[in-house]
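Please keep the sequence and the 3D view beside you as you read.

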Amino acid sequence: MALDRRGFLKFVAGGVIGTGLTPLPWKLTDDISIWTQNWPWIPHIPDGEINSAPALAKLGQPEYGILVSKVKGSPILARGNPNHPLSQGGIDPLAASSVQLLHSPARIRQPMRKKNGAFQAISWEQAIQEIAPKLSGLKGQKNKVACVSGDETSSTNEILAGLLQGLGSEKFFFHPGETTLYHHIWQKIMGGRGHLGFDLPGADLVLSLGPDLLESWGNAVSQQYLFGQGTFRLLYAGPVQNNTAAMASRWIPVHSDALGHLALALAYHILKKRSPPRQNLSGFRQLHRYVRHNYTPLEAQKKTGLEEATIQSLAGELLQARRPLVLPGSLSGSCDVSGFDLYCGFCLNLLLDRLNTAGGMQCIPEPPKVVPGAPSWSKMLSGDLLAELRRIAQGSTEAPELMLFYESNPVYSLPDSKLTRKALEKIPYKVSFSQFMDETAATCDLLLPQHHFLERLDDAFTPFSSAAANYSVGLPVLEPVHSTRSTPDLLLDLSGKLELDLGAESYETLLKEKAGLLDADWGKLTSGGMWRNNTVVSQDRLELWNDRISRMLGQDRERPDKYQVHMVPQTDRRTGSPRTAIPPFGLKTLREEELEQNTFFIRLNRQTARKNGVREGSLVKIVSPEGTCRAKVNLDEGVMTDAVVVPLGFGHTYWDQFSRGKGDNALQLFGIRCESGSGMCHCSTPRVRISKIEAAR
Amino acid sequence: MSESMQIHEHFQIKWGMVIDVDKCTGCGACQVACQAENNIPPSQQSFDRLRSVHWLYVYKLENGRPYPESDIAYLPRPCMQCGNPSCASVCPVIATTKDEEGGIVSQIYPRCIGCRYCMAACPYHSRVFNWFDPVWPKGMEKTLTPYVSVRPRGVVEKCTFCHHRFQLAKRRARAEGRDPHHLKEDEYIPACAEACPTGAIAFGDLHNPEHKVHQLSRSEHAFRILERLGTEPQVYYLSRRPWVRRQGDNYVQKDQQRGE
Amino acid sequence: MLDEPLLPEGVQRCSPARFLVWITLLVAVVIWGAVAAFLIFGWGLGVTGLNNYFGFGLWITFDLAVIALGAGAFFSGFLKYILGIDELKNIINLAVIVGFLCYSGAMMLLVLDIGQPLRAWFGYWHANVHSMLTEVIFCITCYLIVLTIEFIPIILENRQIHKISLFRNLAHNFHIVMPLFAAVGTFLSFFHQGSLGGMYGVLFGRPFALREGFFIWPWTFFLFILSAIASGPVFTMLISRLMESFTRRSLVPYSTKELLGKISGFLLCIYLFFKFLDTWAWATGVLPRSGFSFEEMFNQVYGQWLLWLELGLCGVVPAIMLVVPTLRSRPGLLYAASFLTCAGVVVNRFVFTVQTLAIPVMPFDQWYTYIPNWTEWATSAMVVSYSAIVVSLAHRYLPLFPKERQLNA
C-alpha cells in the first residue's frame with residue numbers, strides 16, 4: 001500500500017479530529033465524572049424531609065432529654081435538647097452516639113436460649129413458655145428469684161421489684177453506684193430522710209472532693225453547662241488533674257484515700273471560726289470534739305499530705321463564699337467511694353449550714369409508688385449487691401435459683417470480677433434483658449432483649465445529683481429495628497400468667513398514673529418537657545455521731561507493702577458507661593496517648609515512672625491483689641507522685657468490633673471492701689504495683 | 001510572601017468561631033456530633049492522626065511543667081477557613097475554593113482528584129484523605145444524614161463549618177422574607193458548636209457587631225493559630241492562661257512579643 | 001543469531017538466550033510492581049505507607065528526581081539543536097530515550113499516586129491557573145508528547161523498519177523538524193522544572209519550603225531549573241556508562257562524556273551559588289519571620305546532615321571535580337562526581353518533599369517519620385525495570401550510538 005508522508009499525516013490528523021467530532025470522548029469523560037461519584041459500593045444518603053422528635057437519653061448516668069433528627073421516620077442524629085432543663089442543649093459523646101447504637105453489631109436481634117453452651121434464636125412465644133413455668137415454679141419460695149437493675153430512674157424497677165415481691169423474693173438490687181452508696185450513708189448511717197440532691201445551679205463555690213463533675217459525676221452535661229455559664233467558682237481536690245481539675249480555678253492534689261480527711265481538716269477550721277449550724281444536729285458535740293482532737297493542723301497535715309496554709313486558705317474560701325457546696329463522691333462516677341469519705345463530705349456541708357438551702361444539699365422526697373406490691377424506693381435502694389455477691393460466693397447465703405439482669409452488666413462492671421463470676425456461676429438460671437450482647441448476657445441462659453431506649457417508652461425520675469425532684473418521659477421515636485420487646489410490658493404480661501397483680505395493664509398506663517400522682521402534664525412530658533418540684537424533706541433525726549460512725553472513723557486501712565502506687569480510676573463518656581461499651585464514634589475520639597491498637601494507656605508522672613523503672617511508652621503490667629492489667633505508659637505531670645490513673649471502659653470481651661479487645665478492663669484490679677461501721681460494701685481503689693513487661697516476643 | 005499567593009476576596013460576611021479553651025473540658029461531644037452530622041464513617045481503631053478520617057480533632061496541650069505545676073488545656077481544631085487559605089490556591093482542579101459569601105473554604109468531593117497537594121499546603125492538618133472506601137457496619141448506614149454526600153476513597157475532605165446548615169438558614173430566612181445575608185445570632189451554627197455542653201464554641205459573623213464572636217474575637221485573650229504565617233484564620237481561640245496563648249504560634253528568641 | 005536481521009548493522013550483541021534471561025529478570029520486577037499497583041487500584045492508597053501527614057512520599061520524590069535527571073533530554077537537545085554543539089550527537093539519542101522513560105515513568109507513578117486516577121484529566125478541564133501543579137500537569141503531558149515524537153524517529157531507524165519507504169520518509173521528515181521540537185521541549189521543560197520547584201516555594205504554611213521570589217515565582221522555581229539542567233547531562237552520561245559496563249562495549253566517546261561533565265560542572269557552580277544565597281536568605285529571613293529557628297527545621301531523623309550532604313558532599317565536591325579539567329579527565333573521578341551530582345539532586349527533591357511535611361508547624365504538633373512500604377518500592381522498582389527493558393531493547397535493536405562501530409573496531 002502506497003502511503004506517502006502527507007497521506008499519513010492526513011490520516012492521523014483526520015482520525016484525531018474525526019474522533020473529537022463524535023460524541024465518544026465527550027460522552028466518555030462525562031460518564032467517567034459521573035461514575036466516579038456513584039460507585040455502587042458507596043452508600044447513598046437519604047433524601048426527604050427532616051424532622052425531629054424529643055427523646056430521653058437512657059444510657060445510664062447522666063439521663064436527660066435529647067432531640068432526635070429523622071428522615072422519613074429513620075433517626076439520623078441525636079442532639080441536645082435546649083428545652084430540657086437537664087440538657088439545656090448540651091449532649092455528651094455517648095448520648096450523641098445514641099442513633100448509631102441502634103444499629104450496633106452487638107444488638108441482640110431476637111430472644112435467644114442457650115443450648116449446649118451456644119445461643120439459639122427462639123420466638124417470643126417460646127421465650128415466654130421457657131421463663132413463665134420457671135418463675136411460676138419458684139413462686140412462693142422465699143428469695144429464690146433475684147434481680148439486678150442498672151437503671152436507677154425508670155419505673156421498670158417498680159415492676160421488677162413488684163414481680164419479685166409477688167414471687168416471694170426481696171432480692172432486688174440496684175447495680176451499685178453513687179445512688180445506692182449516698183443513700184446508705186445518708187439514710188442508714190446518718191438517719192437522714194429523703195434522697196440527697198445537690199443544688200449546683202444555686203451554688204457560688206463548689207469544692208469537689210474527688211468527683212470529676214465535668215466528666216463522670218452526676219449529670220455532667222448539666223454541670224458543664226453551669227460551668228460554661230460561670231455561675232460558680234470551682235475548686236477541685238483529688239489525685240489527678242482530670243478535666244474538672246484542669247478547668248477548676250484551683251487544683252489541690254490529694255490522694256484519694258485522704259479526701260475524707262481533708263473534709264474533716266476543713267471542718268476543723270470551720271468549727272473554729274463559725275458558730276454551730278442553725279439546724280439542731282444530734283451528735284454535733286461529739287463530732288466537734290473528735291475533729292478538734294484528731295484534725296489539729298499538725299494531724300491534718302499528716303493525714304492529707306497538704307500544707308497547713310493550703311488547708312487554711314481552702315477553709316477560708318469556703319467560709320467566705322455565700323453559697324458554698326462540697327461534693328464528696330467517687331472519682332470515676334461509680335461505686336469507688338467509701339462511706340467515710342461520703343460522711344465527711346456531708347458533714348462539711350452540714351457544718352457550713354448547707355442543707356435544704358439554695359445552692360446546698362437538698363433532701364428530695366420519695367417518688368410516688370404506682371405498682372401496689374412493689375417495695376418503697378428507699379427499700380429498693382438499700383439492697384447491697386456487692387455484699388450479696390460476696391455472701392453467695394462464700395456460701396454464707398444460698399444462691400437464688402434465678403436471676404434477672406436489667407440494664408446491668410455486672411460481669412464486666414463490678415469490682416473483683418473473679419468473685420462476681422464465682423457468685424454468678426452458682427446461680428442455675430440467669431436471664432438478661434440486655435439490648436446488647438454484653439459480658440453478662442453471654443453468661444445467661446435466656447436473653448429477652450429490651451428495646452433500645454429510642455424504640456421504647458420509658459421514664460426517668462430524678463437522676464442522681466439533681467437539685468430537685470424531677471420527672472421526664474421519653475416516647476419511642478422509631479419502630480423497633482429488631483425483634484425486641486419492651487421489658488416492663490413483657491413483665492406485666494408475665495405477671496398475668498403468674499397470676500400476680502402489678503396494678504397496670506401496660507407500661508404506658510403505669511407511667512400515666514405516675515404522672516398523674518405527680519400532677520405532671522403528660523402532654524408536656526412526652527413533648528420533651530420536664531416536671532420539677534422543689535419540695536424538700538425536713539430532717540428530724542439526723543445524726544452526726546453514733547456508734548457506727550465512730551467505728552467507721554476509727555478504722556484503719558490495710559496497706560500491703562508490696563503495692564505502692566495509688567490507683568486512680570477515671571471514667572470518660574467517650575468509652576461508654578457501665579451499661580454500654582465504647583460507641584462506634586467514641587472509639588475514634590480516643591487520642592493516640594489513650595489507646596494504641598489494642599493497648600490502653602495508664603498515666604503517671606515522671607517521678608513515679610522513675611521510681612517504678614518505666615518510661616513513656618513502656619509496656620507495663622499493673623498488679624493489684626485482685627488482678628492484673630496490661631497497658632502502656634503515658635507520662636502526665638497532672639498526676640500526683642505515687643499515683644497512677646487507670647481509665648475505665650476498656651477491655652470488653654463481648655460487644656462489637658468498636659470495643660471488643662480494646663485495652664484491658666481495669667475493674668478487675670479493684671477489690672470489694674466492706675467497711676466496718678457503715679457496713680457498706682464499695683469498690684476499693686487498691687494500691688498497685690507497676691512493672692515493665694520485658695520486650696514481648 | 002508574593003502578592004499572587006494571596007487570594008484577596010472581601011466578603012460582607014465572615015463566618016468565624018471563637019473557641020474558649022478555658023471552657024473546653026475535652027469531653028468529645030463536638031467530635032461525635034461532627035462525625036454524625038457529616039457522615040464521617042466510624043473506625044475500628046482509636047484516633048490515628050496519620051490515617052483517621054476526621055474533621056475536628058481535640059488536641060491536648062500541656063504547659064510542660066513538672067508536677068504539681070502542670071496544667072493542661074484542650075484545643076479543638078476544626079478547619080480554620082483561612083482568610084488567605086494556603087490550600088485553595090494550590091489545588092490544580094479548583095476542587096477547593098474560597099469564593100462564597102461567608103468565607104467558608106469549600107471542598108468539592110466530585111471534583112477532587114486526590115493529589116493531596118492541599119494537604120501538603122495546610123499547616124493545621126485540617127485536611128484528611130480517604131485512604132480506603134468508607135465502611136459502616138451493616139444497618140448503620142441507615143443513620144447517614146442527608147446533609148453531606150458520602151465520600152469515596154481517593155478524595156480529600158475537611159471541615160466545612162457545616163456549610164449545609166448555612167444553606168438551610170439562608171433558605172429559611174428567604175422563606176420568611178428576611179435578608180439571607182443578615183442572619184441572626186445562632187441562626188446558623190455548626191454541629192460542634194451546637195453540641196458543646198459548656199458553650200466553649202461560639203460561632204457567628206465576625207463582621208457583624210450584633211454577633212457575640214465579633215466582640216470575643218477582639219478580646220485581649222484572643223489568639224489565632226500560626227497567625228504569623230499569614231493564613232488569616234477565621235477561627236479564634238480564647239484563653240486567660242498565657243502559656244496556652246503562647247502555644248498558638250512559634251516564636252524565636254529575639255521576638256519581642258511572645259504571644260502573652 | 002535468531003534476531004540477527006533486526007540488529008543494527010556491524011555491531012555485536014549478546015546471544016538472544018542471554019538477552020531473554022536478562023529481560024525475564026526485569027519482567028519479574030515489573031510483575032512485582034504490577035501486583036502492588038493492582039492492590040493500590042483495588043483497595044485504595046491505604047495499602048501504601050502514605051498518610052495524612054505525608055501525603056507526598058517516595059513516589060513524588062521519585063517523580064521529581066527522575067524529572068530533574070531526565071532534564072538531560074531537553075537540555076542536550078537544546079545544546080545540540082539550538083546552540084549547535086555537534087559533539088552531543090553521540091549521546092542525543094540516549095538522552096531522548098532516558099528523558100522519555102523518566103517522564104513516562106513519572107506519569108505512571110502519578111496515576112497511581114492520585115486518589116482518583118479516572119479524574120486525572122480534570123487537570124485540563126477544570127484547570128486552576130493559580131496552581132503551580134496545573135502548570136506541571138500541562139507541561140509534563142505536553143512534553144511527554146514531544147518526547148514521544150522525538151523517540152519515534154529513533155525507532156524508525158531500526159534496520160528492518162528503515163527498509164519501508166514510508167517510515168524512512170517519516171524518519172527523515174522528523175529529523176528535519178527536530179530542532180522545532182527541541183525548542184518546544186526546551187520551553188515546556190523549562191517551565192515545569194520551575195513549576196515543580198514553585199510548587200514547594202509557594203507553600204506559605206510550610207516554613208521549610210517557603211521561599212520569596214520574583215513576581216509569581218518563588219526562588220525554588222529557578223533553583224529547580226538550574227539543578228535539573230546541572231544534573232540532567234551527567235545523568236544521561238552515567239546511563240551510557242552503565243550500559244557500557246553491562247554490554248562490555250564502548251558506546252560514547254570519552255570526550256563527549258567529559259564535555260557533558262564540564263557543562264554540568266559549570267551549571268552546578270551557578271546553581272550552588274544561588275542555592276547558598278537562597279539557603280542563607282531562608283535561614284535568616286523566612287524562618288525567623290515565621291517564628292522558627294534554623295535548628296527547629298531538623299530532628300534526629302531529618303537532621304542537618306541532609307543539608308550538608310546535599311550542598312557539600314553532593315554539591316561543592318562534585319562541582320569542583322567537574323570544573324577542574326585535570327580531575328574530570330580521569331574517568332573514575334568524572335563518574336564519581338556525576339553520581340554525587342545526581343545524588344545531590346535526589347536529596348534536594350527528597351527534603352523538599354518529605355522533610356517539608358515532617359516538620360511540625362503548630363507548636364503542639366510533633367515530628368513524624370515517613371517510611372515507604374513495599375507497595376511504593378515495588379511500583380517504583382517497576383518503573384526502573386520498565387525503563388531498563390526499554391533501554392535494553394533500544395540498545396539491542398536500534399542504532400543509538402553513532403560512534404559505537406568506530407569505538408569497538
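## Strands side by side

In chain A of this predicted model, strand 6 (residues 145–149) and strand 7 are joined by four bridges and run in the parallel sense. Strands count as paired if DSSP finds at least two bridges between them; strands (E, at least two residues) and helices (H or I, at least four) are DSSP runs, numbered from the N terminus. One bridge links A:S149 to A:F174, its partner in strand 7 of chain A.

These strands belong to an open sheet of seven strands in chain A, with mixed pairing and the order 5-4-16-15-14-6-7. Which are its edge strands? They are strand 5 (118–121) and strand 7 (171–174) of chain A, each pairing on one side only.

## A nonpolar patch on chain C

Now turn to chain C, where C:V27, C:I31, C:W32, C:V35, C:W374 and C:W377 make a nonpolar surface patch of about 590 Å². Helix 1 (16–43) and helix 14 (374–397) of chain C each give two or more residues, and helix 1 of chain C gives the most, with four.

C:W32 sits in helix 1 of chain C.

## How to read the numbers

Residues are numbered from 1 along each chain as its sequence is written, while chains are lettered from A and ligands numbered from 1 in the order in which they are written. Local features need pLDDT of at least 70, side-chain atom pairs count only at pLDDT 80 or more, totals for chains, interfaces and linings use all residues, and side-chain values use heavy atoms, with hydrogens and water left out.

Conventions: Patches are made of residues with over 30% relative accessible area and no salt bridge: like charges are joined within 9 Å, nonpolar side chains (Val, Leu, Ile, Met, Phe, Trp, Tyr) within 5 Å. Accessible areas come from the Shrake-Rupley method with a 1.4 Å probe; for residues, only the protein chains shown count as cover. A salt bridge is a side-chain nitrogen of Lys or Arg within 4 Å of a carboxyl oxygen of Asp or Glu.
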